[in-house]
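Please look through the structure below before reading on.

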Amino acid sequence: MRTGNMASKVKNTSSAEAGFVDSPTISRRLNAILRVSTGIMLISFILFTGYTVISKYRDTVQRMRSLASILAINSEAPLVFSDKPSAEENLHSLSAIAEVSSAGIVKSNGDTLANYAPPPNLAQNLPGTAQDLLHKVFTGRLRLEQSVLAPNHQHPVTDPGRQIIGQVWIEADLTGAWLELSAVLGVFALVMLGIYGLGRTLNNRLAYSVVKPLEELAQTALEIGQNRNYDRRVQLHPSIIELNTVVYGFNQMLEQIQSRDEELQNRRDLLEQYNEELKDFSYIVSHDLRAPMINVQGFVNELGLSLEELRKILAPVMELIPEQKKTAVLEILDDDIPTSTRFITGGVAKMNQLLSGILKISRLGRQELNICLVDTQRLVNDNIESIKYQSDQARAKFQVQPLPQIETDAYLLAQIIANLLSNAVKYLDPKRPGTIEIWADEQNDQFRFFVKDNGLGISEQDQKKVFEMFRRGNNHTVEGEGVGLNYVKSAIKRLGGTISLESTAGQGSVFSFTLPKG
Ligand SMILES: Nc1ncnc2c1ncn2[C@@H]1O[C@H](COP(=O)(O)OP(=O)(O)OP(=O)(O)O)[C@@H](O)[C@H]1O
Ligand SMILES: [Mg+2]
């Protein structure tokens with residue numbers, strides 16, 4: 001059946017992830033119901049047939065036995081007086097009983113007193129062929145014999161010592177009864193066959209009109225779930241209103257998802273475009289602002305030199321200036337101007353650092369990736385070597401597990417590792433020796449790298465913001481710009497991975513990131 005194939009297809013597609021592999025389909029359930037009801041009907045039929053045959057046989061035996069008893073009583077006098085006509089008359093009364101095929105009254109010496117055979121119209125009241133056939137099928141003869149005792153007029157029935165004066169016998173032909181019974185059972189069997197046929201047809205109709213559309217719906221839902229192809233629609237089945245309502249609702253839902261998906265896609269495109277423009281803008285701004293910044297720094301230096309010159313020029317005349325004015329001039333020359341230039345220099349340096357951060361991140365999206373096989377073990381060891389001074393100062397120990405080789409951009413991966421390791425050292429707790437562990441796990445088609453430290457940790461509310469640009473945690477006084485983790489996150493994204501953080505304030509942090517194998 002086609003629906004059966006569809007069902008197995010649905011089952012295969014959904015398989016383990018859905019977790020209902022062993023659940024039977026509706027078609028299978030319907031077939032099972034049909035099989036069980038057919039079985040019950042068959043058993044009932046067999047039991048009914050058995051019961052009817054046995055009770056019919058018992059009834060007939062009972063009836064024949066009564067007939068033989070009556071015949072035996074009525075035959076007492078004819079036997080005593082060897083009255084053949086009375087005996088024949090007695091036997092003739094049996095013609096009213098259709099089953100009786102022959103009977104006889106026999107004397108005690110074995111001679112037959114009278115015999116009975118039914119009249120031809122009674123014997124042939126069944127079509128010959130059917131009767132012949134039934135004769136062959138059933139050995140349908142039943143013979144009963146009964147002794148006839150000498151009459152005792154004082155105790156006609158209870159006297160056990162009465163003499164046997166003869167015997168009566170009756171033979172019954174059950175063919176007619178069996179034929180009647182077979183007709184009833186045949187009709188019954190036909191009705192059951194009809195019910196079974198009706199059940200089967202209904203089952204197939206149900207499978208076609210309900211199960212098939214349901215399976216179609218399930219299959220489409222699964223395919224959409226897997227391919228996210230919201231163009232698909234399920235066909236309406238005009239025969240069943242409830243099913244149509246479901247299908248109609250499903251199609252409506254798909255339409256809404258599709259239009260939202262398109263809207264989202266448009267917004268994503270727009271965002272990507274804005275993002276690109278923003279990156280270009282930040283690149284241009286940070287790049288172009290550097291020149292004026294250098295100029296400002298240059299002129300501040302120039303200002304310092306000019307101040308020195310001015311001091312030298314003013315030195316001879318200072319003695320001539322009244323004391324009050326001299327103090328004011330010296331305050332300007334030695335305090336106000338140097339303090340201002342110091343502030344300007346500090347501001348420019350800070351501005352420069354920020355611009356470098358922005359420039360670094362905006363460059364990230366612009367630079368070409370150079371994918372090659374990278375030995376991450378070596379990369380990590382080189383990095384540990386390069387921060388040996390800082391880690392010794394912080395009493396930090398590194399524990400590095402064997403790390404894999406991976407196809408990626410060596411420069412970006414080096415930057416990621418450098419930032420994570422320098423943070424791990426930088427934010428160790430000065431009150432205890434530091435331990436920094438590095439390891440990697442293989443997960444399907446990607447590696448996950450871990451950097452764990454037992455440092456200051458990051459509070460829950462800070463965990464959300466540390467990956468943002470220029471944002472820093474507030475549990476330490478260490479210098480920094482708040483650029484490193486933002487750069488790390490962007491670089492990992494650029495390489496096709498993700499970063500996550502687990503941290504407990506006061507205990508330490510685990511940064512982990514994934515990278516595709518290649
Ligand atoms: N291993 C760590 N343990 C505890 N806090 C950390 C750790 N790594 C990062 N942080 C917190 O996250 C903040 C952001 O880190 P990020 O590397 O972006 O900037 P930074 O280290 O402050 O400055 P820089 O730009 O020089 O790296 C840090 O200021 C610090 O509060
Ligand atoms: Mg940092």
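**Around the ligand**

Ligand 1 has 20 residues around it, of which Tyr427, Arg472, His476, Val483 and Leu485 come nearest; a residue is near a molecule or strand if one of its heavy atoms lies within 4 Å of it. This is a predicted model, in which local features need pLDDT of at least 70, side-chain atom pairs count only at pLDDT 80 or more, and totals for chains, interfaces and linings use all residues. Residues are numbered from 1 along each chain as its sequence is written, chains are lettered from A and ligands numbered from 1 in the order in which they are written, and side-chain values use heavy atoms, with hydrogens and water left out.

Which parts of the chain each supply at least two residues of the shell around ligand 1? They are α12 (410-426), α14 (484-494) and β11 (508-516). The largest share, 3 residues, comes from α12. Helices (H or I, at least four residues) and strands (E, at least two) are DSSP runs, numbered from the N terminus.

Some of the neighbours make polar contacts, meaning pairs of N or O atoms within 3.5 Å; within protein, one atom must be able to donate a hydrogen and the other to accept it, and residues adjacent in sequence count only if both atoms are side-chain atoms. An N or O atom in the side chain of Arg472 is 2.5 Å from an oxygen atom of ligand 1. The backbone takes part as well: an N or O atom of Gly473 lies 2.8 Å from a ligand oxygen, and a polar backbone atom of Gly482 is 3.0 Å from an oxygen atom of ligand 1. On its own, ligand 1 has 590 Å² of accessible area, and the protein covers 93% of that. Accessible areas come from the Shrake-Rupley method with a 1.4 Å probe; for residues, only the protein chains shown count as cover.

**The chain as a whole**

The chain has 14 helices and 11 strands. Of its 518 residues, 34% count as buried; buried means under 20% relative accessible area, exposed over 50%, and partly exposed in between (1.4 Å probe, protein chains only). The accessible surface comes to about 32100 Å², with 57% belonging to carbon and sulfur atoms.

**Salt bridges**

A salt bridge is a side-chain nitrogen of Lys or Arg within 4 Å of a carboxyl oxygen of Asp or Glu. By this rule there are 14. One of them joins Glu223 and Arg232 at 2.3 Å, N to O. Glu223 is partly exposed at 22% relative accessibility, and Arg232 is partly exposed at 30%.

Another links Asp392 and Lys388, with the closest N and O atoms 3.0 Å apart. Because these residues are 4 apart in helix α11 (residues 388-393), about one helical turn separates them. Asp392 is partly exposed at 45%, as is Lys388 at 40%.

Asp462 and Lys465 also meet in a salt bridge (3.5 Å, N to O). They are 3 residues apart in helix α13 (residues 460-465), so about one helical turn lies between them. Are they buried or exposed? Asp462 is buried at 5% relative accessibility, and Lys465 is buried at 18%. Elsewhere, salt bridges that share partners join Arg143, Glu145 and Glu171 into one network.

Glu171 is in strand β4 (residues 164-173) and is buried, with a relative accessible area of 16%. Not counting residues up to four places away in sequence, Glu171 touches Glu99, Val100, Ser101, Ser102, Arg141, Leu142 and Arg143, where contact means heavy atoms within 4.5 Å.
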